[in-house]
Amino acid sequence: MSQPILRAQGLGLRYGSLRAVHNVNLSLDEGECLAIVGESGSGKSTLLSLLAGQQQPHEGEVAYCDRSGMWLNLNTLDERDRRRLARTEWGFVRQHAQATLHPHVSAGGHIGERLMGLGARHYGEIRKTAQQWMARVEMDPSRVDESPSRFSGGMQQRLQLIANLVTSPRLVLMDEPTTGLDVSVQAKLLDLLKRLQEELGLATIIVTHDLGVARLLADQVLVMVRGEVVERGLVDQVFDDPQHPYTQQLVTSVL
Amino acid sequence: MTPQLPFAYLDDQTKRMIRRALLKAVALPGHQVPFASREMPLPYGWGTGGIQVTAAVLGPEDVLKVIDQGADDTTNAVNIRRFFALTTGIETTTTTAEATVIQTRHRIPEHPLKAGQIMVFQVPIPEPLRWIEPRSEETRRMHALRDYGPMQVKLYEDITQHGTIATSYDYPVMVNEHTLMSPSPIPKFDNPKLHQSPALMLFGAGREKRVYAVPPYTDVRSLDFDDYPFEVQRWPQACAICGADNHYLDEIIVDDAGTREMVCSDTDACRARQDQT
């Protein structure tokens, strides 16, 4: 694999006396996909928000290597730089697309938001870029002016995704992106994610409790139980030959 | 003058507090400065912010003009003008050129302002980002980081829905190429008058407890798109009373048959033009 772009060392966070995340180390390469699996409450989403720099850890640190090849410590990074990175080099896809989509802003407005935040000032070009992205993820470009509240769940999720991809990020963090969609829509979205990963060379971290999703998209997997990483490795290796009792349970319960 | 009240109604400590906030506002063009807004003898929404700013800047030599929707003779304008005449004994006027302080709601006079004049705006909602971000903590952070993309999204949506930037009043501006500012609910027709004005512009929001300012000769740019540039309102007809074709016009119904006329909203400018011709 190529250069590492994200590194976490000894990451820990407590909610009161509860250890939500404890002593997590990880490293992600350019273009690589890491899945974080575990049951509800195991600290997956908390870990993701720590990796995104959205929360400050109590222990450890997260470092990100930007386009110019400079390592930045996300815990000490200035808020201004963090927002710039979040808009240019990162994407963050949430489980509930509605929570990130504004009902009074059209699809084109959502896709153009990052561009306008970076100084795009040509309406026609912003709208055209939005349409190109819609076509790329099999959305009807003629619906660019519609409110996302008129879109289906799968379309809303795709809209959320391309609103992130429009500035060509290098790292996309996804929190349960396919949960809550029906099976056929899920399958289509997964196909799309797989394709975009390859086309754009995206590094992705995907939080999921669905082993099928992890198996399809990820190169590596982390298994979390009660805030700790209990097993890690290549996806096929971990799922075909699980070592930790929890992973064994997880794998058998699916198969 | 009513002897038992302090000059301009507010006590000296309060006026000093407001003036301190105003000095800070002038030093940071467009930046909203909090101040300890007082209860005033009129309800919120009627100009409590503007009236406190006016009270803080008025001196015994000042000449005050008050307009509401451009007119000197509407209830709000008449009452505020009389209030200050009673509490200060200073001279008042309806002529823009004679005034040193002009308190306004919704308009900037047509007659060009000059150095030494102070405009005081009554502001209902000082925060231009409020529509997209309801949390004040976050809007303050957006200002600090100059994270103004969402404001552009609002204009994008205007074009998407109406084919043109339909925002016609309270049209957002960048002050000094640095701070995003709400120019108060003036029509966008008046936005160009803020740019490089020789007069000092002060804005007061009583309910929201904020003041802000545009110092004289400051750049004020209305936001727009390269392919949808900022434009002010134009009317096909001239004022039915004075014949001006370069003033902001209001539509009024003049009889029971629903006959409409377009007339100047600035009553002083309209009268001045009638006198000339």
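Colleague: Which residue stands opposite Phe203(B) in β8(B)?

Modeller: In this predicted model, Phe121(B) is the residue opposite Phe203(B). Strand β5 of chain B, residues 118-122, runs parallel to β8(B), and 5 bridges join the two.

Colleague: What lies on the other pairing, between β8(B) and strand β9 of chain B?

Modeller: Strand β9, residues 210-214, is antiparallel to β8(B) and is joined to it by 5 bridges. Within β9(B), Val211(B) is the bridge partner of Gly204(B). The two strands form a hairpin with 4 residues between them. In that turn, Lys209(B) has a positive phi of about 60 degrees.

Colleague: How should I read the two faces of a strand?

Modeller: In general, side chains in a regular strand alternate between the two faces of the sheet. In β8(B), Leu200(B), Leu202(B) and Gly204(B) are on one side, with Met201(B), Phe203(B) and Ala205(B) on the other.

Colleague: Are these faces of β8(B) covered or exposed?

Modeller: Both are covered, as the residues named on each side are all buried. A residue is buried here when 20 or more other C-beta atoms lie within 10 Å of its own. Because 6 of the 6 residues of β8 in chain B, residues 200-205, are buried, the strand is largely enclosed by the rest of the structure.

Colleague: How many of the 277 residues of chain B count as buried, as a percentage?

Modeller: The value is 45%. Chain B has 7 helices and 12 strands. Its radius of gyration is 19 Å, close to the 19 Å from the globule rule for 277 residues, so chain B is as compact as a globular protein of that length.

Definitions and conventions:
Residues numbered from 1 in each chain as written. Chains lettered and ligands numbered in written order. Predicted model: local features only at pLDDT ≥ 70, side-chain atom pairs only at ≥ 80, totals over all residues. Buried ≥ 20, exposed ≤ 12 C-beta atoms within 10 Å, placed from the backbone. Pairing = 2+ DSSP bridges. Rg over C-alpha atoms; globule rule 2.2 N^0.38 Å.
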